[in-house]
Structures are given as structure tokens and as C-alpha cells.
Amino acid sequence: QADKLRELAVKGMKTLAEEGPTKEDFDKTVNNLNKNIPESRLQTAYWIGAIEKYDKYGLDYDAEYSAAVAGLTPEKIKAYAAELLSNGSFIELVMRPEE
């Protein structure tokens, strides 16, 4: 099944790079990401991670995450997928159990 799933994943990435996400998929994803923000803020682990990122990188994770989600567009996703496929950063990896 791994080969079949790998082929589907590659096909999906190529479709995303060529056509971009559908409006429905994009809207569902952004709505889900926006829903996760306030839910995540209720968890101590979220804030521990945010503090660690600030301490290590000077990054305000909470503000940056919200801004990144707000800045998403179907065109940006399409462009990123195309770049990922064209610049050699796309790696296919299949883990199989030992025989």
C-alpha cells in the first residue's frame, strides 16, 4: 500500500503546484487553523513552546502564527508547492519494516 499512497501524495503535490488548492479545501484549512489558535492557547504546552521559541530565536510565536494564517492565500500555497517540487527540496521517503 505504501507505493500506492506515495503515488497519491506525489500526484496531490503536483496538482497543488499546478492548480493550487480548491476554494473549499483552502477555506476548510484556514478555518481549522483559525479554530486551533484559541484552543491551543488554553494549553500550557502551547505557551511553554512559545516561550522557548522566544527565548531561543526571539520569535513571538503566538503573533507570528496568527499573522501567517491571516496571510495565507491560495496563490501563495500554489507558488510554494511549485517551488518545493522544482528546487529539489521535495524528498520521497518510504519506511518499510525489515524482512
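Let's start with the radius of gyration. For this chain it is 17 Å, while a compact globule of 99 residues would come out near 13 Å. The radius is taken over C-alpha atoms, and the globule rule is 2.2 Å times the number of residues to the power 0.38. The C-alpha atoms fill a box of roughly 40 × 40 × 25 Å along the principal axes.

A word on the source. This is a predicted model, where local features need pLDDT of at least 70 and side-chain atom pairs count only at pLDDT 80 or more, while totals for chains, interfaces and linings use all residues. Residues are numbered from 1 along each chain as its sequence is written, and side-chain values use heavy atoms, with hydrogens and water left out.

Now the elements. The chain has 5 helices and 0 strands. From the N terminus, the order reads α-α-α-α-α. Helices here are DSSP runs of H or I with at least four residues, strands are runs of E with at least two, and both are numbered from the N terminus.

How much of the chain is buried? Buried residues make up 15% of the 99. Buried means under 20% relative accessible area, exposed means over 50%, and partly exposed is in between, with a 1.4 Å probe and protein chains only. The accessible surface is about 8000 Å², and 56% of that belongs to carbon and sulfur atoms. Those areas come from the Shrake-Rupley method with a 1.4 Å probe; for residues, only the protein chains shown count as cover.

Next, contacts, meaning heavy atoms within 4.5 Å. Take the contacts between residues at least 6 apart in sequence: 76% of them join residues at least 24 apart.

L85 gives us a place to look. L85 sits in helix 5. L85 is partly exposed, at 28% relative accessible area. Which residues does L85 touch, leaving out those up to four places away in sequence? They are M13, K14, A17 and F90. Take A17: its C-alpha atom is 7.8 Å from that of L85, and the two residues are 68 apart along the chain.

On to charge. There are 13 positive and 18 negative side chains, and the centres of the two sets lie 4 Å apart. Lys and Arg count as positive, Asp and Glu as negative; His and the chain ends are not counted. Each charge is placed at NZ of Lys, CZ of Arg, CG of Asp or CD of Glu.

How many salt bridges does a search of the whole structure find? It finds 6. A salt bridge is a side-chain nitrogen of Lys or Arg within 4 Å of a carboxyl oxygen of Asp or Glu. Here are some of them.

D3 pairs with R96, with 2.6 Å between the closest N and O atoms. D3 is in helix 1 (residues 2–19) and R96 is in the segment after helix 5 (74–86), so this pair ties together parts 93 residues apart in sequence. D3 is partly exposed at 37%. R96 is exposed at 53%.

R41 pairs with D62, at 2.8 Å between the closest N and O atoms. R41 lies in the loop between helix 2 and helix 3 (44–57), and D62 lies in helix 4 (residues 61–70), so parts 21 residues apart in sequence are tied together. R41 is partly exposed at 32%, whereas D62 is buried at 15%.

Finally, K28 and E24. Their side chains meet in a salt bridge at 3.2 Å, N to O. Both sit in helix 2 (residues 23–40), 4 residues apart, which means about one helical turn between them. K28 and E24 are both exposed.
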